[in-house]
Amino acid sequence: MALEYLNIALLESDIKTDDKESNLNAFCSATSPYRDAVDIAVVPELFTTGFISDKEKAFAASERNTESTITTLHSLAKQHNSALCGSFLAHTASKIYNRAFFIEPSGDEVFYDKRHLFSMGGESNVFTAGNGAAPVVRFRGWNIKFIICYDLRFPVFCRNQRNEYDVLIVVANWPEARQKAWLRLLSARAIENCCYVCGVNRRGVDAQGNSYGAGSSVIIDYKGDILAQTSQSASICAAALSKGKLDNFRGKFPVWNDADDFIIK
């Protein structure tokens with residue numbers, strides 16, 4: 001049976017490049033007062049390292065799914081009885097991936113390797129692209145899809161066929177210069193897919209000199225209205241998502257009945 005209200009918190013962090021210990025400690029400190037009260041806590045893309053443009057350095061900083069970052073997150077999820085979602089710098093054999101995770105208190109875990117690499121920023125020179133569609137996980141009666149940053153620009157990839165998901169989580173490092181696009185695309189994905197959208201961005205300045213500002217992480221409802229947003233002074237925002245309101249809207253305005261069926265290869 002689904003929870004009537006799903007409580008989600010977004011943490012917008014200033015990521016220190018290639019400093020996993022510091023970034024993990026900051027995450028633990030910032031969310032500790034909130035995590036017992038939320039069902040899902042979400043962190044930005046590559047939250048423990050940021051983007052590292054040198055491939056050798058990126059590989060050295062990358063981890064397997066069984067190493068310290070994911071092990072720590074499993075412990076926190078269990079301790080606070082909440083799921084954790086974000087992405088980290090991962091490797092499988094000799095290949096490097098921008099790998100998203102969804103870790104449940106039960107110990108269940110789902111991973112997704114970013115499919116759309118931002119070639120203009122050099123991602124394709126470092127990472128290997130993932131294959132296939134982004135996953136949909138079922139958690140506390142809700143269906144949740146999660147994607148990474150640049151994936152947001154490809155609406156077919158995000159398409160919610162037959163209401164297969166209720167919430168779309170987008171973890172990102174989306175520069176301040178393109179934040180108008182970020183906010184509009186998040187709102188568009190919510191409206192066209194009749195779902196809640198949670199977009200968490202980083203803040204500060206990265207190693208490549210890109211500025212992210214602050215206050216661009218948002219929780220948006222199925223009509224495109226903002227329910228919660230971070231600010232210059234508040235790096236965490238949270239909202240209670242209503243399953244009843246979502247189901248009622250989908251029943252009264254069933255545009256999904258007229259959508260096209262397709263398969264992503």
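**View 1. Packing of helix H1 against helix H3 in the predicted model.** Helix H1, spanning residues 20-31, packs with helix H3, spanning residues 68-80, at an angle of about 15°, and the axes of the two helices are 12 Å apart. Because angles under 35 degrees count as roughly parallel, H1 and H3 are described as roughly parallel to each other.

**View 2. Residues in the contact of H1 with H3.** From H1, the contact is made by Lys 20, Leu 24, Phe 27 and Cys 28, while H3 brings Thr 69, Thr 72, Leu 73 and Leu 76 to it. Sorted by class, the residues of this contact are five nonpolar, two polar and one charged.

**View 3. Ala 93, a residue other than glycine with a positive phi.** Ala 93 is found in the loop between strand S3 (83-92) and strand S4 (95-103), and its phi is near 60°. With a relative accessible area of 53%, Ala 93 is exposed, since the cut-off for that class is over 50%.

**View 4. Asn 163, likewise not a glycine, with a positive phi.** The loop between helix H4 (155-158) and strand S8 (167-171) holds Asn 163, whose phi is about 55°. The relative accessible area of Asn 163 is 16%, and because buried means under 20%, this residue is classed as buried.

Methods:
Residues numbered from 1 in each chain as written. Predicted model: local features only at pLDDT ≥ 70, side-chain atom pairs only at ≥ 80, totals over all residues. Heavy atoms only, no water. Axes fitted to C-alpha atoms, helices over the stretch in contact; angles between N-to-C directions. Helix = DSSP H or I, 4+ residues; strand = E, 2+ residues; numbered from the N terminus. Parallel < 35°, antiparallel > 145°, perpendicular 65-115°, else oblique. Contact = heavy atoms within 4.5 Å. Nonpolar A, V, L, I, M, F, W, Y, C, P; charged D, E, K, R; others polar. Buried < 20%, exposed > 50% of the residue type's maximum accessible area, 1.4 Å probe, protein only.
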